Amino acid sequence: MNEKMSPRMRAYYSLIVVIIILFSGAMVTGVLYLLNLLNVSYQLSIITLISIFVVAAVAGGMMSFFVGRRILAPMLKLSKASAEVARGNFSITVSDSSKLEEVQTTFRNFNAMVRELNSISTLSNDFVANVSHEFKTPLTAIEGYAMLLQDPALSQQERGEYLDKILLNIHRLTSLVGSILMLSKIESKSLAEQYTTFRLDEQLRQAVVSLEPAWSEKGLSFDVSLDEVTFCGCESLLTHVWTNLLGNAIKFSPEGGQIRLRLLDQKQCVVVSVTDQGCGMSPEVQARIFEKFYQADSSHKADGNGLGLSLVKRIVELSDGVIEVVSEPGEGSTFRVILPKS
């Protein structure tokens with residue numbers, strides 16, 4: 001990094017040096033004047049007077065060196081590093097041997113800020129790449145089936161099948177756009193936190209009822225045990241949490257399986273758990289299950305876009321809660337949401 005001082009910085013530095021030297025000289029003059037007022041006899045030769053001013057100049061020079069070394073040099077480093085960050089270089093770090101705690105704290109905060117900016121930049125690039133891929137897949141399918149529909153020799157059955165495929169991919173696009181918009185609003189916290197008091201157990205029952213066509217089609221049954229809980233929170237966002245967790249349990253449950261739903265009212269919090277009898281997850285999958293666009297089971301890739309659990313986790317975090325997953329391959333999965341009452 002080029003640490004050459006700018007003309008303005010050199011001017012400020014020179015001005016500080018001059019002020020320090022003048023201050024030192026003024027102190028010596030003041031001492032001599034005070035001695036004169038007190039009628040203290042003293043004799044000064046030219047050599048002695050020059051020596052006093054030399055000592056004052058040396059002291060002023062040492063003070064200016066301290067100022068430049070301890071204050072101006074770190075400022076110059078920080079200025080150069082800030083210019084690099086402004087140009088998009090998020091890999092830069094700054095350090096200094098200064099013992100001043102304020103300087104060290106400033107540098108630590110700057111390095112932490114740059115690391116965070118670098119992380120955000122990486123996530124943003126990955127997000128754009130994933131979104132582009134998720135849009136490209138259904139659009140390519142829609143284009144392909146639309147081209148096939150132009151064949152006048154197609155039977156009515158084939159046309160119906162191709163139209164169903166187009167509608168399915170349009171639904172995927174609509175769902176993806178809706179999820180991205182909601183995720184963007186939640187991440188930017190532009191959604192108003194409209195807290196209301198409602199019956200959490202009733203909300204969970206309504207979520208089960210709303211998904212009745214999906215679990216009836218697979219012949220699933222529910223084992224439900226819900227404590228009566230009056231809860232204060234963002235009702236609309238929590239509805240999305242329960243719908244997503246129950247929808248995933250239905251999606252991954254085998255035909256004729258059972259889903260267990262529990263709501264426990266504890267002293268400081270409420271605990272909601274959803275357990276399925278599906279294929280389960282390995283530890284590697286569990287570590288990434290809340291990542292945006294991550295889908296471990298390719299057989300169900302067409303049923304979602306990989307944003308559902310990311311949204312769930314963010315909503316739970318905004319509610320000051322936590323979400324946990326317990327799963328073993330072949331033994332199903334349990335998602336547990338813990339929300340504070342306060």
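How many bridges join E2 to strand E4, and do they run parallel or antiparallel?

Guide: E2 and E4 (residues 258-265) run parallel, and 6 bridges join them. Strands here are DSSP runs of E, at least two residues long, and helices are runs of H or I, at least four, all numbered from the N terminus. This is a predicted model, where local features need pLDDT of at least 70, side-chain atom pairs count only at pLDDT 80 or more, and totals for chains, interfaces and linings use all residues. Residues are numbered from 1 along each chain as its sequence is written, and side-chain values use heavy atoms, leaving out hydrogens and water.

Zooming in on that pair, Asp223 has Arg260 in E4 as its bridge partner. Now step back: the open sheet has 5 strands in the order E2-E4-E5-E7-E6, and the pairing is mixed (two strands pair if DSSP finds at least two bridges between them). Strand E2 (221-226) and strand E6 (322-327) are the edges, each pairing on one side only. On average, neighbouring strands are turned by 10° against each other, direction ignored (axes are lines fitted to C-alpha atoms, for helices over the stretch in contact, and angles run from 0 to 180 degrees between N-to-C directions).

Helices come in too. Helix H5 (residues 200-210) packs on the sheet and touches E2, E4 and strand E5 (269-275), contact being heavy atoms within 4.5 Å. The direction of H5 makes about 165° with that of E4. Over at E6, helix H9 (residues 308-318) lies across E6 and strand E7 (333-340), at about 135° to E6.
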